[in-house]
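Please have the sequence and the 3D view open while reading.

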Amino acid sequence: MTDLETDVAVIGAGSAGLRAYRAAAAHTNRVLLIEGGRYGTTCASVGCMPSKLLIAAADSAHTAQEAGDLGVYADSVKINGAKVMERLRTLRDRFVSGVVSNTEKIPAERRIHGYARFEDAQTLKLDDGRRIRAERIVIATGSRPNVLPMFEGLGDRVVVNDDLFEWSDLPESVAVFGPGVIGMELGQALHRLGVRVRIFGVGGFLGPLTDPSVKEAAEGIFAEELDLDTDAQVDSLSREGDQVLVRFKDKNGDSVEERFEYLLAATGRRPNIDKLGLETTGLNLNKDGVPDFDRYTMQCGDKPIFIAGDANNEHPVMPDAFDEGEIAGNNAGRYPKVEPGRRHPPMSIVFTEPQMALVGMRYADLPDTDYAVGEFSFSAHPRAMVMRANRGLMRFYGRPSDGAFLGAEVLGPRAEHLGHLLAWAVDSGMSVGQMLDLPYYHPVLETSIRNALSDLQQKMQH
Ligand SMILES: Cc1cc2nc3c(=O)[nH]c(=O)nc-3n(C[C@H](O)[C@H](O)[C@H](O)COP(=O)(O)OP(=O)(O)OC[C@H]3O[C@@H](n4cnc5c(N)ncnc54)[C@H](O)[C@@H]3O)c2cc1C
Ligand SMILES: NC(=O)c1ccc[n+]([C@@H]2O[C@H](COP(=O)([O-])OP(=O)(O)OC[C@H]3O[C@@H](n4cnc5c(N)ncnc54)[C@H](O)[C@@H]3O)[C@@H](O)[C@H]2O)c1
């Protein structure tokens with residue numbers, strides 16, 4: 001028995017799903033938006049926004065503490081953890097309520113509450129037993145933290161990002177597992193707010209960096225400030241009263257025991273697709289259970305099913321959730337007319353200090369031949385020195401045969417802004433020569449781009 005029928009069903013009211021709903025609704029008014037959890041999106045409630053709020057407080061503390069080197073003394077900087085967390089939650093709640101009220105502007109009869117799973121390629125069953133027959137379906141179910149089996153037994157001492165933002169005060173100590181994007185952003189922020197932090201990684205990975213030279217520079221810089229081991233040997237994890245006991249080997253190979261109030265699991269995220277019943281759809285699933293899809297149409301195989309945002313596990317960041325939601329919604333709305341949509345060049349920004357920015361082709365994506373690498377270290381960059389932020393390395397990739405600028409990995413001050421300029425250049429298909437021909441003021445951080453481009457141009461000529 002079918003309880004509801006619709007042209008398009010969008011599963012998930014996150015950033016990708018909301019965008020998909022609006023795009024689909026431009027083509028047909030028979031669109032349903034299905035959400036199993038609370039409205040508000042991951043980005044606003046437990047992702048982008050609360051993490052940046054924690055970082056804003058941490059940056060203020062750090063700037064004040066370090067100002068002595070510039071002859072400015074902010075004596076006895078005091079951090080009120082309760083106030084930091086109160087501001088975080090107040091502003092976070094404001095961002096969330098903005099999203100919720102926008103979501104609730106969608107007519108109530110088009111908003112369905114419940115967790116959906118496929119019964120076949122065009123039928124969804126909700127957890128309350130209702131069935132929805134949909135001509136086309138957009139999967140926009142997001143992702144969740146990947147909490148590893150090794151953390152079992154630590155009970156409520158293991159936290160993920162969602163839990164951390166609910167703290168009413170800052171703890172004394174946190175062991176961060178995973179020096180990826182979340183671990184580095186939150187780990188450094190907590191450290192700068194006076195929390196004792198140690199970051200444990202595996203395999204030498206650091207943030208999203210793939211260029212060995214940039215990674216080496218990053219490791220050196222972050223390890224000066226933080227207790228960080230990107231290839232830690234952890235011997236055991238156990239719970240001792242209200243603490244987590246970590247037994248590990250330090251970088252000299254000596255056995256160490258350290259106790260922490262919490263362990264932050266930041267060991268990656270996994271797409272919410274495992275409980276969707278995708279095996280009933282006839283779609284081809286990859287080894288992670290994600291259906292094969294076309295990244296320009298977001299269509300899965302040749303079925304009337306589309307997938308957008310973190311759910312497809314391709315590049316789980318907001319700008320991609322947005323673009324993919326738009327493309328998936330448009331194609332689901334006007335199906336069977338499926339058209340390729342506009343994809344922007346890949347961009348990742350990590351809000352540590354120094355910041356990291358990866359734009360366009362990463363080092364790991366470079367072809368075997370016909371590429372050159374130019375670089376520039378911020379150590380002697382005049383404006384960065386003025387700002388006391390002259391740490392970091394940028395590496396640019398170009399194609400000698402036609403002079404194209406391919407991409408970059410940047411570690412340095414204000415890399416969020418430098419990264420945007422580079423992304424806009426990649427998006428416009430600019431050559432290294434054209435980028436060098438652009439205006440540069442003095443003294444600004446943007447001249448670092450000219451320095452790295454000049455080096456790249458020389459390397460390309462050789
Ligand atoms: C700590 C953290 C910091 C981040 N910082 C940044 C940043 O600074 N910049 C950036 O670009 N990105 C950042 N991201 C990534 C960004 O938040 C995500 O890429 C983005 O929010 C994904 O949007 P989405 O729509 O795919 O998923 P979501 O917003 O998670 O939406 C998915 C929705 O689907 C619902 N759902 C799941 N399964 C079902 C089902 N079966 N039935 C019905 N509903 C279902 C969920 O309840 C959820 O509401 C961060 C992420 C984290 C965790
Ligand atoms: N600024 C941003 O745009 C931003 C911020 C936060 C999160 N995000 C998104 O969320 C995604 C998930 O973030 P994440 O940091 O959880 O994942 P991640 O993939 O960036 O990092 C996971 C880290 O955990 C490490 N790891 C795995 N197993 C481990 C173990 N047993 N012990 C110690 N370390 C281990 C990995 O080597 C890796 O360094 C990111 O890929 C990104 O797309 C984006």
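The C-alpha centres of domain 1 and domain 2 lie 36 Å apart. The model is predicted. The domain assignment gives domain 1 as 4-39 + 104-145 + 270-334, domain 2 as 170-267 and domain 3 as 347-461.

**Ligand 1**

- The shell around ligand 1 has 34 residues, and those that come nearest are Gly-12, Gly-14, Gly-47, Gly-142 and Gly-309.
- Two or more shell residues come from each of α1, β2 (31-35), α2 (42-46), α3 (48-66) and α8 (318-334).
- Sorted by class, the shell around ligand 1 holds 17 nonpolar, 15 polar and two charged residues.

**Ligand 2**

- Ligand 2 has 24 residues around it, with Gly-178, Gly-180, Ile-182, Phe-205 and Pro-316 coming nearest.
- Ligand 2 lies between domain 2 (170-267) and domain 3 (347-461), because both domains give residues to its shell.
- At least two residues of this shell are supplied by α6 (181-192), and at least two by β18 (347-350).
- The largest share, four residues, belongs to α6.
- By class, the shell around ligand 2 consists of 14 nonpolar, eight polar and two charged residues.

**The β18-β19 hairpin**

- β18, which gives residues to the shell around ligand 2, forms a hairpin with β19, with four residues between the two strands.
- β18 and β19 (residues 355-360) run antiparallel and are joined by four bridges.
- Within this pair, Ile-349 stands opposite Ala-357 of β19.
- In a regular strand, side chains alternate between the two faces of the sheet.

**Nonpolar core**

- In soluble globular proteins, nonpolar side chains tend to be buried together.
- The largest nonpolar core here has 129 residues, and Ala-9, Val-10, Ala-20, Val-138, Leu-264 and Ala-308 touch the most other members.
- Helix α1 (residues 15-25) provides the largest share of this core, seven residues.
- Leaving aside residues up to four places away in sequence, Leu-264 touches Val-159, Leu-164, Val-174, Val-176, Phe-177 and Leu-186.

**The five-stranded parallel sheet**

- Strands of a sheet pair through backbone hydrogen bonds, either parallel or antiparallel.
- Five strands make up an open sheet with parallel pairing, in the order β8-β15-β9-β10-β11.
- The edges are β8 (158-159) and β11 (227-229); each has a single partner strand, so one side of each is left without a neighbour in the sheet.
- Inside the sheet, β9 (residues 173-177) and β10 (residues 196-200) pair in the parallel sense over five bridges.
- Ser-173 has Arg-196 in β10 as its bridge partner.

**Asp-250**

- Asp-250 sits in the loop between β13 (243-249) and β14 (255-260).
- Is Asp-250 buried or partly exposed? Asp-250 counts as partly exposed because it has 13 C-beta neighbours inside 10 Å, where a buried residue needs 20 or more.
- Asp-250 and Glu-326 are 76 residues apart in sequence and, C-alpha to C-alpha, 48 Å apart in space.

Definitions and conventions: Residues are numbered from 1 along each chain as its sequence is written. Chains are lettered from A and ligands numbered from 1 in the order in which they are written. This is a predicted model: local features need pLDDT of at least 70, side-chain atom pairs count only at pLDDT 80 or more; totals for chains, interfaces and linings use all residues. A nonpolar core is a set of buried Ala, Val, Leu, Ile, Met, Phe, Trp, Tyr and Cys residues joined through C-beta atoms within 7 Å. A residue is buried if 20 or more other C-beta atoms lie within 10 Å of its own, exposed if 12 or fewer, and partly exposed in between; C-beta atoms are placed from the backbone. Two residues are in contact if their C-beta atoms, placed from the backbone, lie within 7 Å. A residue is near a molecule or strand if its C-beta atom, placed from the backbone, lies within 6 Å of it. Ala, Val, Leu, Ile, Met, Phe, Trp, Tyr, Cys and Pro count as nonpolar, Asp, Glu, Lys and Arg as charged, and the others, Gly among them, as polar. Domain bounds come from an automatic or database domain assignment. Two strands pair if DSSP finds at least two bridges between them.
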